[in-house]
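User: I would like to learn how to read the features of a fold from its coordinates. Please take me through them one at a time.

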Amino acid sequence: MPPNNLPSDPLKIVFQLAIFILLLVPGILLAILKKFIPVKPKCVKGEVVLITGAARGIGRELATRFGKLGAKVACVDIDELENDETAQIIKNRGGMATSYKCDVSKKDQIKVLHAKVRADLGPVDILINNAGIVWGHLYIDPAKDQFIMDQVNVNLMAHIWMNREILPSMLERNHGQIVAMSSMSSMSGVANISTYSVTKWGLNGMMECLHNELKQFNTEVKTTNILPYFVETNPKVSSFLDIRLPEIPTRIAGSEMMKGILEERRIFSVPGHMLTMVQIIRLLPDNLQTLLNNIFHVRILGEPSDELILNKYKR
């Protein structure tokens, strides 16, 4: 007897597909229309906003912006001195902020951190997982084993541990927002940043799964995934970039990120058009993708030690 290759409930599938086709064009037009309708940003005055990697760069930029809006900001970083400075900047401007030293790759430290924040400020309303190690390496470099572990632990596992620690409190209150700082590098495989890209591609999948999982709870807890292009936050990192499009100033990137967070967008890029453009480009044949990638090139320059490995294997 031949195997049954029919899907379950074939008539139901046909009916559902017919409904989908009928709604396709109106749905696309409605989505386009919404792009031009201003969204009222939510009020965060008095809300507790926990930001990891707050000692500098995007973390400090977001922390100070939330401070201006009247949020109670929990600044978290392993760099205690610079993190204290971020909190002080907020307080000097009339805002409320507290500094917490924490290695977010350590689950036990995250539990202690959460308890302290709840005792000092109250339950977390917005969690922004921003901490990350931004650096690259040759995939086969034998000296990078520990670096790979550290980068995965900080850039990916820390998100998982932070979310799992704080999400139950949000679900109990039916209120909250979890924000992930991904990267546009999660949409294309750039040479010499394989581990970094692994963590950011992983974040995209995790945040989409979490978004869909939260639907099962019928909760008001939201997720937001941000995919920024290169941002001017670290001169050392910038010196290793050979890119056709310039880096985005931190102030401009921070402004766009704040807008997306306050509008509770599920996923967006900075700048906003880039995600759509890259998604379209990935539909092209490989040779045309390569041609466009060469025009708008992104190259990560190697360290001097990389030359030894390249010369060993290069043909």
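**Reading the model**

Analyst: This is a predicted model.

User: What is the volume of the largest cavity, and which residues line the largest cavity?

Analyst: The general idea is that rolling a probe the size of a water molecule over the atoms shows where empty space is left. Here the largest cavity has a volume of about 40 Å³. Its lining is made up of T64, G67, K68, I90, R93, G94 and G95. Helix α2 gives the most to that lining, with three residues.

User: How much space lies in the second largest pocket, and which residues are the closest to its centre?

Analyst: About 750 Å³ of space lies in the second largest pocket. It is lined by 21 residues, and K34, K35, E263, R265 and I267 are the closest to its centre. Elements that give two or more residues to this lining are α1 (10-34), β10 and α9 (274-281). The largest share, four residues, comes from α1.

User: Now the sheet. What is the order of the strands?

Analyst: In general, strands of a sheet pair through backbone hydrogen bonds, either parallel or antiparallel. In this model an open sheet of seven strands has the order β3-β2-β1-β4-β5-β6-β10, and the pairing is parallel. The edge strands are β3 (96-101) and β10 (267-270), each of which pairs on one side only. From one strand to the next, the twist averages 15 degrees.

User: Which strands pair with β1, and over how many bridges?

Analyst: Five bridges join β1 to β2 (residues 72-77), and the two run parallel. Between these strands the chain passes through helix α2 (residues 57-68), and this β-α-β crossover is right-handed. T52 has V76 of β2 as its bridge partner. β1 also pairs with β4 (residues 126-129) in the parallel sense, over three bridges. There, the bridge partner of L50 is L127.

User: How do I read single residues? Is D125 buried or exposed, and why?

Analyst: D125 counts as buried because its relative accessibility is 9%, and buried means under 20%. D125 is found in the loop between α4 (107-120) and β4. Leaving aside neighbours within four places in sequence, D125 is in contact with E47, V48, M170, R173, H175, G176 and Q177.

User: Where is T223 found, and what does T223 touch?

Analyst: T223 is found in strand β6. T223 has 6% relative accessibility, so it counts as buried. Not counting residues up to four places away in sequence, T223 touches I178, M207, L210, H211, L214, R265 and R266. The C-alpha atoms of T223 and I126 are separated by 9.7 Å, though the two are 97 residues apart along the chain.

User: Which backbone angles deserve a look?

Analyst: Most residues other than glycine have a negative phi, and most peptide bonds are trans. In this model, a cis peptide bond joins V270 and P271, with omega about 0 degrees. P271 lies in the loop between β10 and α9. N218, not a glycine, has a positive phi of about 50 degrees. N218 is in the loop between α6 (194-215) and β6, and counts as exposed because its relative accessibility is 71%. E264, also not a glycine, has a positive phi of about 55 degrees. E264 is in the loop between α8 and β10, and at 30% relative accessibility E264 counts as partly exposed.

Definitions and conventions
Residues numbered from 1 in each chain as written. Predicted model: local features only at pLDDT ≥ 70, side-chain atom pairs only at ≥ 80, totals over all residues. Heavy atoms only, no water. Pairing = 2+ DSSP bridges. Right-handed = clockwise from strand over helix to strand, strands pointing away. Axes fitted to C-alpha atoms, helices over the stretch in contact; angles between N-to-C directions. 1 Å grid on protein atoms, 1.4 Å probe; cavity = no way out; pocket = protein on both sides within 12 Å on 5 of 7 lines; lining within 4 Å. Points joined across faces, edges and corners; volume = space filled by probe spheres on them. Buried < 20%, exposed > 50% of the residue type's maximum accessible area, 1.4 Å probe, protein only. Contact = heavy atoms within 4.5 Å.
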